[in-house]
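Please look over the sequence and the structure shown below, and then read the report that follows.

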Amino acid sequence: MQDVISSQEEKMKKTVANLKEGFATLRTGRASASLFDRLRVDAYGEKSPMNQVANISVPEARLIVIQPWDKNLIGEIEKAIRSSELSLNPSNDGKVIRISVPPLTEERRKELVKHAKAQAEQSRVAIRNIRRDGNDELKKLLKDSKITEDDNEKSEAELQKHTDNYINQINQVLEEKEKEIMEV
């Protein structure tokens, strides 16, 4: 019974962590190395994460500098950035790639907030589905007479408490991301 609750709570933790990871790649008006966390570069015949083929730094609030460890990868890195959905325009001098991060338009900010809200809602739905799965497992244990009616009720209440907690965490993460996107 307790292992049902702890396994469901672990899944809920992972859902919130995935949302945070997804939000890290959402572009705000500020330059951030985390924009490239999910970007893969075609290097030596396979797709590698950007941070494994180059050093990414943010020397100024609106500038990103990418320094490939192998100068031959500059073209591939540029291609990966241009084909991504980041809407960034890289320029290189043969040694490093510089990306000027333009301020977002009001319309683009609202689009990003809408996208963030959709991601948060997907995470809330996932949390509720995890709760449902846990309740189903508890009902099965009750049906098989492995737990009592009281144990089932206590466990369902505890599962609901975890659900509420993680949905609140999702709401907080969303609120922070909204502020970050909308700040000029």
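Glutamate 121 is partly exposed, because its relative accessible area of 34% falls between the limits used here (buried means under 20% relative accessible area, exposed over 50%, and partly exposed in between, with a 1.4 Å probe and protein chains only). The model is a predicted one, in which local features need pLDDT of at least 70 and side-chain atom pairs count only at pLDDT 80 or more, while totals for chains, interfaces and linings use all residues. Residues are numbered from 1 along each chain as its sequence is written, and side-chain values use heavy atoms, with hydrogens and water left out.

The side chain of glutamate 121 meets that of arginine 128 in a salt bridge, with 3.7 Å from N to O; the term stands for a side-chain nitrogen of Lys or Arg within 4 Å of a carboxyl oxygen of Asp or Glu. Arginine 128 is partly exposed as well, with a relative accessible area of 32%, and a network of salt bridges links Glu121, Arg124 and Arg128. In general, side chains of opposite charge can pair when their charged atoms come close. The whole structure holds 11 salt bridges, and three of the pairs are set out here.

| Salt bridge | N to O distance |
|---|---|
| Arginine 108 and glutamate 111 | 3.0 Å |
| Glutamate 121 and arginine 128 | 3.7 Å |
| Glutamate 156 and lysine 139 | 3.9 Å |

The pair of glutamate 156 and lysine 139 links distant parts of the chain, since glutamate 156 belongs to helix H4 (residues 149–182) and lysine 139 to helix H3, 17 residues apart. Helices (H or I, at least four residues) and strands (E, at least two) are DSSP runs, numbered from the N terminus. Glutamate 156 is partly exposed at 24% relative accessible area, and lysine 139 is partly exposed at 47%.

Arginine 108 and glutamate 111, by contrast, both lie in helix H3, 3 residues apart, which is about one turn of the helix. An α-helix has 3.6 residues a turn, so residues three or four places apart point the same way. Arginine 108 counts as partly exposed at 26% relative accessibility, and glutamate 111 is partly exposed with 42%.

How far apart are the end C-alpha atoms of H3? They are 55 Å apart, which agrees with the 56 Å that its 38 residues should span at 1.5 Å a residue, where the expected span is 1.5 Å times one less than the number of residues. Just after H3, serine 145 takes a positive phi of about 60 degrees.

Helix H3 (residues 106–143) also gives the largest share of the lining of the largest pocket, namely 5 residues. In all, 15 residues line this pocket, and Thr25, Leu26, Glu85, Leu86 and His115 lie nearest its centre. A pocket is an open set of points on a 1 Å grid over the protein atoms alone, where a 1.4 Å probe fits, with protein on both sides within 12 Å along at least five of seven lines, and lining residues have an atom within 4 Å of a point. The space in the largest pocket is about 360 Å³.

Among the strands, E4 (residues 63–68) is mostly covered, with 5 of its 6 residues buried. Strand E3 (residues 54–60) runs antiparallel to E4 and is joined to it by 5 bridges, and serine 57 stands opposite valine 65 in E4; two strands pair if DSSP finds at least two bridges between them. A hairpin is formed by E3 and E4, with 2 residues between them.

Conventions. Grid points are joined across faces, edges and corners, and a volume is the space filled by probe spheres set on the points.
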